[in-house]
Structure formats: structure tokens, C-alpha cells
Amino acid sequence: MSGLAKHNEDDGNTLPPASDSTPTIGDTWPGGSTPPLDALMTTHPETGERGFFLFAYGSICANPPPGQTERHNSEITGFRRDFAVQDIFYRGSKAAPGLTLGLDASDDGRVPGAVYFAPAATAHTMLAEVIAQETPKGMEDIYQRRIVEAVIDGGHKVPALAFVANPDSALYVGQSMTMAEKAETIAHAFGTPNNDYAKRHRESGLIGKTDLEYLAMTALRLEDDNNGDAYLSALTEMAVQKREAMLNSDDRAEVLKAQQLARFEVGTRVEKAFRDRIGVEVASAAAARVDLPGSGPTAQKLASGPEAANDPAYDGKAENDNRFGDDPSALISDSKGRLGAWKNRHGEKQMPNIPHFGPPAPNGPPPSEARPGL
């Protein structure tokens with residue numbers, strides 16, 4: 001195992017490896033743990049630098065983590081990418097879980113994605129960021145940490161850290177749901193107001209809270225890189241069709257929810273790609289068709305979340321725009337303050353499935369798209 005970190009099967013603790021160790025493909029750390037940085041370090045095949053590689057297959061494909069200095073289009077084999085884990089934080093709740101991406105073992109699988117390299121000087125920064133992002137409260141054990149073999153520019157094969165779906169997690173769904181069932185869940189699911197970890201890195205500053213936004217953003221970015229995933233592209237189309245069915249329904253609750261989801265997605269990749277099918281104007285027309293209150297010109301003024309109208313943390317004035325421009329310090333401060341206040345007031349209380357009506361309120365801090373499901 002050549003200096004590989006040794007695992008104590010009794011307690012799951014990892015002993016520090018030798019400083020010149022090289023990761024071994026297949027080395028695994030349990031869900032909720034942090035691999036020792038020394039156990040991830042390797043030598044860059046072209047520059048000779050010491051550092052570590054990270055394989056990203058979800059939102060981080062579109063949102064480079066801090067600390068990285070290189071991004072490569074890449075792929076791994078022996079896995080399939082799917083919405084294999086329930087999400088009760090970023091894109092769902094305990095009452096109405098969403099789904100997030102994970103890697104499942106598959107003998108003939110191929111997963112296109114991205115590989116990032118962080119040199120020794122910034123390796124800790126990249127590792128700390130992705131560990132924090134992938135372990136939100138209540139979802140700490142959804143991913144095992146595993147060394148996989150990834151291909152980077154020049155055809156070099158490198159050992160890279162990947163987050164693999166943990167079948168022992170209570171949130172694991174694997175292949176127990178059909179593609180259509182997953183699309184239905186993704187079309188409906190959304191997360192806690194202002195909770196999207198690492199969205200402070202998003203230049204445009206507009207919020208995306210919905211599961212569909214996460215799916216579409218990942219699929220479209222891979223297509224942009226000519227490294228697309230046919231399954232994700234097909235799942236995106238199926239989920240958009242499910243959202244269209246919500247808007248065309250005679251069930252006022254379904255139309256209302258679809259309208260609120262469309263408001264959450266203003267300015268995001270899914271809204272830009274599918275505006276003429278599920279955007280706010282289409283949703284407002286659907287709301288008017290079933291005589292929903294507030295379906296007139298003010299419908300595009302977005303409350304920050306289903307409880308925002310009655311929440312004293314919000315001033316009820318701002319619309320769904322980028323109030324912070326390119327000032328990351330203001331964004332980070334506002335994001336932390338709003339999320340902390342929300343958690344203090346609501347604790348484990350979950351948002352209702354159907355949004356409330358009420359006056360418009362700020363859309364919260366404009367985070368980036370990164371979230372669990374690398």
C-alpha cells in the first residue's frame with residue numbers, strides 16, 4: 001500500500017501516513033470523516049508540484065473551489081452518476097426531501113466531470129471547503145471519501161479524491177427510484193432560505209434554491225465543456241416536463257408551488273435555458289388561469305422563502321435582484337447573518353410544502369451554485 005493511510009476498523013480513525021505517501025486507488029474514508037491531507041498528496045505529472053487532485057461531478061464542475069489552481073475536463077470509469085441520495089438541506093427538507101448527486105459503483109460506468117488540482121500551499125483550503133460543503137447538518141454521512149483514477153489533459157492518469165454515495169446512509173436511495181420518480185421529485189424540491197453553502201463564490205449573485213436548478217446547471221455546464229452526460233441531459237428534460245405538468249394542472253396548489261419555484265429560479269441557469277417553458281411569465285399566466293391571488297404584475301417580486309412574508313428578518317422591500325454587486329464581503333456577511341438568524345428562530349422546523357402568500361421580501365444573499373454532489 002506504499003505509505004497509504006492505515007484504517008482502524010474498530011473506530012474508523014486514520015493514522016497519519018508518511019509524508020512522501022502517494023494515494024492508492026480505492027482507498028476509502030467513511031462518511032462524515034475528513035481524510036488526512038498527507039494521505040491525498042501526490043506529485044503533479046507535468047509540473048512536479050506536490051498537491052492533491054479533486055474529482056468533481058456535480059455543481060463544483062461549474063464552481064471552482066477556493067485553493068485550486070488548475071481545472072481539467074476529465075472522466076472516471078467504474079461508477080455511474082445519479083441522484084442517489086436524499087437532500088434535506090440544500091434542495092429539500094425533512095418534510096419534503098429533494099435529491100442530490102452521488103457516485104454509485106458500476107462495472108461499465110463512465111462519468112464525465114472535472115478535476116481540480118491544489119498545490120501544497122493551498123491544498124488545505126480546497127480540502128476544507130469541499131468537506132464543509134459536503135457535510136451539511138443532518139447529511140454528514142451521505143458520502144464516502146474515495147481515491148479514484150481520473151484522466152486529465154495530456155492523457156495523464158492521476159489519483160483524485162471523490163465523494164461516493166454511501167449505501168449505509170439513511171438518506172441513500174440508489175436505484176430504488178425510477179428515473180421518472182426522480183424527475184418528479186427534482187421538479188418539486190427546494191431548500192431552506194439562504195442556506196446554499198459556498199454560493200458566495202458566484203459572480204452573478206443570484207440565488208438558486210431548487211433541485212431542478214441544480215440538475216440543469218450541472219448538465220448544461222458539462223455540455224458547455226463538450227463533456228456532456230446523456231443521462232443528466234435526459235433527466236433535465238424529464239424534470240422540466242414534470243414542472244410544465246405542474247403549471248398546466250387544475251390543482252391550484254400545484255400551480256402555486258410551480259410559480260414559487262419559478263420565482264426562486266430567476267437569474268439562474270435553468271431559468272435562462274427554459275424561460276419560455278417554466279419561467280416566471282409562464283408561471284404567472286398559469287396562476288392567473290386558476291385565479292390564484294397575486295398572479296398579476298407583482299408576481300415576479302420574490303419572497304425569500306415560503307415563510308419570508310411573516311419573518312421579521314426580512315424588510316419586505318427588495319426584489320429578486322443582485323443587491324450586492326461584486327462585493328463578496330457584503331455578500332458573505334449578509335449570508336451568514338440571515339442563515340444564522342433563520343436557524344436560531346426555526347431550529348429544526350421544516351418549511352411547509354406549499355409557499356405562503358404575502359408581500360415581496362428580499363431574495364437573500366446571492367450565493368454560487370456549489371452544494372453537495374460535487
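**Close-up views of a predicted model**

**View 1. The loop that holds E140.** E140 is placed in the loop between α1 (120-133) and β6 (143-151); helices (H or I, at least four residues) and strands (E, at least two) are DSSP runs, numbered from the N terminus. The model is predicted, so that local features need pLDDT of at least 70 and side-chain atom pairs count only at pLDDT 80 or more, whereas totals for chains, interfaces and linings use all residues. Residues are numbered from 1 along each chain as its sequence is written, and side-chain values use heavy atoms, with hydrogens and water left out. With a relative accessible area of 37%, E140 is partly exposed; buried means under 20% relative accessible area, exposed over 50%, and partly exposed in between (1.4 Å probe, protein chains only). E140 and G31 are 109 residues apart in sequence, yet their C-alpha atoms are 6.8 Å apart in space. Leaving aside residues up to four places away in sequence, E140 touches G31, G32, T135 and R145, where contact means heavy atoms within 4.5 Å.

**View 2. Helix α3 and its cover.** Of the 14 residues of α3, 11 are buried, among them D211, E213, Y214, M217 and L222. The elements covering these buried residues include β4 (70-87), β5 (98-119), α2 (179-188), α4 (230-247) and α6 (269-278).

**View 3. Two residues with positive phi.** N226 follows α3 and lies in the loop between α3 and α4. Its phi is near 55°, a positive value in a residue other than glycine. N226 is exposed, with a relative accessible area of 75%. D291, in the loop between α7 (280-289) and α8 (328-346), is likewise not a glycine and has a positive phi of about 60°. D291 is exposed, at a relative accessible area of 62%.

**View 4. The packing of α4 against α5.** The axes of α4 and helix α5 (residues 252-264) are 7 Å apart and meet at an angle of about 125°. The helix α4 is therefore oblique to α5: angles under 35 degrees count as roughly parallel, over 145 as roughly antiparallel, 65 to 115 as roughly perpendicular and the rest as oblique. On the α4 side, R243, M246 and L247 make the contact; on the α5 side, the residues are E254, V255, K257, A258, Q259, L261 and A262. Axes are lines fitted to C-alpha atoms, for helices over the stretch in contact, and angles run from 0 to 180 degrees between N-to-C directions.

**View 5. F52 in the largest nonpolar core.** The largest nonpolar core has 83 residues, and F52, F55 and F83 have the most contacts inside it. β5 supplies the largest share of this core, nine residues. Such a core is a set of buried Ala, Val, Leu, Ile, Met, Phe, Trp, Tyr and Cys residues joined through side-chain atoms within 4.5 Å. Residues up to four places away in sequence aside, F52 touches L37, L40, M41, Y116, F117, A118, A123, M126, L127 and L161.

**View 6. The whole protein.** The secondary structure comes to eight helices and seven strands. Buried residues make up 54% of the 374 residues. Of the contacts between residues at least 6 apart in sequence, 76% join residues at least 24 apart.
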